[in-house]
Amino acid sequence: MPFDLQPHLTGELIELRPLRPEDWDDLFAVASDPLIWEQHPESDRYKEDVFKVFFREALESRGALVVIDKNNQQIIGSTRFYGYDPEKSEIEIGWTFLARKYWGGRHNQEMKRLMLAHAFKFVESVVFYVGEKNIRSQKAMEKIGAIRDGVVKRAYGNHSPTLNVRYVIKKS
C-alpha cells in the first residue's frame with residue numbers, strides 16, 4: 001500500500017487536511033508573526049515574499065497539511081510529510097509551525113500523535129530536523145519522545161545550509 005502523504009486526520013482538538021492554494025490568506029496570517037520564526041534557520045519566513053516560496057514548495061511537495069482548530073475552524077498552522085523512503089522504511093515530519101497561542105499546549109502533541117499514528121501504518125521510523133539554535137522546538141521533540149540522532153546540514157529557502165539536529169522516533 002503506498003504512503004498517503006496528505007491524509008485527513010482528526011483528533012479531539014485539531015484536524016489536519018491537505019493544503020490548498022486557497023489557504024494562502026489564512027496561513028500567511030498565522031505565519032506573518034516574526035516571533036514564530038525567531039529561532040528558525042529561516043528567521044525571515046514571516047515576510048510575504050519569503051513565505052510565498054515556502055507556500056509554493058509546500059503545495060509542490062504534495063505532503064503539506066494545514067492544522068485547523070476544531071473549536072473555531074480556523075487554520076492555526078501547517079506541517080508536512082516529506083521524503084518517504086520505502087527502502088529505509090522512513091518518512092520525515094517537518095516544516096511545522098503553529099500560531100503562538102497554541103504553543104506549549106496539547107495541540108502540537110495531538111498533531112504529532114495523529115501524524116505518527118498515520119506514518120507508522122507505512123514505516124518503521126519517523127525523522128525530524130530541527131535548527132541547531134531552535135531550542136524551543138528541540139524541547140518539543142524531546143517532549144514527544146524523539147531521540148536525538150546526530151547533526152546534519154540543511155538548506156531552507158534561499159538561505160545557506162545550517163546545522164540541524166536530527167531526531168528519530170521508531171515504531172514501537
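## Basis

The model is predicted, so local features need pLDDT of at least 70 and side-chain atom pairs count only at pLDDT 80 or more, while totals for chains, interfaces and linings use all residues. Residues are numbered from 1 along each chain as its sequence is written, and side-chain values use heavy atoms, with hydrogens and water left out.

## Largest pocket

The largest pocket holds about 700 Å³ of space. A pocket here is an open set of points on a 1 Å grid over the protein atoms alone, where a 1.4 Å probe fits, with protein on both sides within 12 Å along at least five of seven lines; lining residues have an atom within 4 Å of a point. Grid points are joined across faces, edges and corners, and the volume is the space filled by probe spheres set on them.

Strand 5 gives the largest share of the lining, seven residues. Helices (H or I, at least four residues) and strands (E, at least two) are DSSP runs, numbered from the N terminus. Helix 4 (106–119) and helix 5 (135–143) are among the other elements that each supply at least two lining residues.

## Salt bridges

The structure holds twelve salt bridges, each a side-chain nitrogen of Lys or Arg within 4 Å of a carboxyl oxygen of Asp or Glu. In one of them, Glu42 and Arg45 have their closest N and O atoms 2.7 Å apart. Glu42 is buried at 4% relative accessibility, and Arg45 is buried at 2%. Buried means under 20% relative accessible area, exposed over 50%, and partly exposed in between (1.4 Å probe, protein chains only).

Arg154 and Glu92 also form a salt bridge, at 2.9 Å from N to O. Arg154 belongs to strand 7 (residues 147–154) and Glu92 to strand 5, so this pair ties together parts 62 residues apart in sequence. Glu90, Asp149 and Arg166 are linked in a network of salt bridges.

## Arg80

Arg80 sits in strand 4 (residues 74–85). Arg80 is buried yet has no salt bridge, and the nearest side chain of opposite charge, Glu57, is 5.4 Å away. For charge, Lys and Arg count as positive and Asp and Glu as negative; His and the chain ends are not counted.

## Positive phi in loops

Arg62, in the loop between helix 3 (48–61) and strand 3 (64–69), has a positive phi near 55°. Gln73, in the loop between strand 3 and strand 4, has a positive phi of about 60°. Arg62 is exposed at 62% relative accessibility, and Gln73 is exposed at 51%.
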